[in-house]
Amino acid sequence: METSSEQSVLGPRRYRNNEKLIAVGDRGWQHAKDNGLIGIKVDFESNNRLVDTRTNHAFMTLCSCSYLGLNHHPKIIQGSIDALREAGTNSLAMSTLRIRLNLMARMEEGLRELYGCPTLPGATCSALTAGILPLLASGHVTEDGQPRVMVFDRFCHFSMAYIKPICGDESLVLTSPHNDLNYLEDVCKKYPRVAYVADGAYSMGGLAALEGLLQLQERYGLFLYIDDSHSLSITGERGEGYIRSRLKMNPLTMIVASLAKAFGSAGGIAMLGSEKIFDFLYRNAGPLAWSQNIQTPSVGASLASIELHRSPELRQLQDQLQRNINLFDSQFPSPNAGNGMPIRLIQVGEEDRAIRLSSELYQRGYYCSAVFFPVVARGEAGVRVMMRADMTEQQVQTFCDDVKDILSHF
């Protein structure tokens, strides 16, 4: 029985409960560790050949978010080297609000031109979210200056859900069933100012209900804060991503994304719908004004990636990725087949089966992530597969054949 003292220090747990989360989630991670599926140390030859330094086991990865294979592209690597040589330092080790390298200013301008809107860089996408969402909740990101009810999609990325308690100190925080436009419209009818926090392309493969969200924005002034990290670069004429390529930026929309996935660099960006909010966020969005910022090699990699995004090579890589996705979908039909996104889930039911499938695939030379509760619902565990443009169609087909062979013996 808890003493009165123990009860008095227990938090309200309105937005998170570590005790419950760890109790239901850590067992699976320990199981994966026991099967040698986490903590692997490797030498890198390519995304299709990593070598376990302990056992010398070679394998290809199908859990890399480098969907276009730019994480080892020669132009990106050279961009990092050139930037270090030009700057003569890996960082100024101070807030970019006060002083920033000209290389960073060039990166900002390049991103603005690439995406057709003010684009704010940050050390990570998570740092941008941590700095911006509380300001959105308090009303300081929008022109009316009034707090907004913050509606988080149930499946929004952990980096956004993690900020719920902070937002809860500024305004009312609600959790919406996934892609439930009726729930969201009811909230908009009840409250005059609402913000919706969601992913554009979800980490388990689905998409935001964008058309319906834009209708709610038009009807009720709904603010859309969307993390589109998993689609940046892989879609859009200039790699704008799923959301940006389908809407006109406006003061009620903000898109954040990681540059460490298909873009091939590091750091994060916020695409803004208002020019005047750019400097405001640099000054007031917490982590953006701290001394930790994007390191010089990553700035150089981003500059090189911007140039690649302006070239015909981007479309070639996008097309190859789509061919690989379509081939996989033809072998493993799913509800997300045909949506153009590179993430798929091979469901096998229970956690133990997912870890077994991941383990057997690893023995055959593939690393795929076993995912289980609370990442997915109970009874829906499986292996997450991510397609890349630097895989050949023959490699995709061979992988599919191996998955089918393993499943036939389950």
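Helix H5 is mostly covered, with twelve of its 14 residues buried (under 20% relative accessible area, 1.4 Å probe, protein chains only; exposed is over 50%, and partly exposed lies in between). The structure is a predicted model, in which local features need pLDDT of at least 70 and side-chain atom pairs count only at pLDDT 80 or more, while totals for chains, interfaces and linings use all residues. Residues are numbered from 1 along each chain as its sequence is written, and side-chain values use heavy atoms, leaving out hydrogens and water.

Helices (H or I, at least four residues) and strands (E, at least two) are DSSP runs, numbered from the N terminus. Among the buried residues of H5 are Cys125, Leu128 and Pro134. Just after H5, Gly139 takes a positive phi of about 95°.

Three strands form an open antiparallel sheet in the order S11-S14-S13, where pairing requires at least two DSSP bridges between two strands. S11 (343-349) and S13 (369-371) stand at the edges with a single partner strand each, so one side of each is left without a neighbour in the sheet. S11 is joined to S14 (residues 381-386) by six bridges, and Ile346 stands opposite Val383 in S14.

The structure holds zero disulfides (pairs of cysteine sulfur atoms within 2.5 Å). For Cys117, the nearest cysteine sulfur, that of Cys125, is 14 Å away. For Cys368, the nearest is that of Cys63, 7.3 Å away. Cys368 is buried, with a relative accessible area of 0%.
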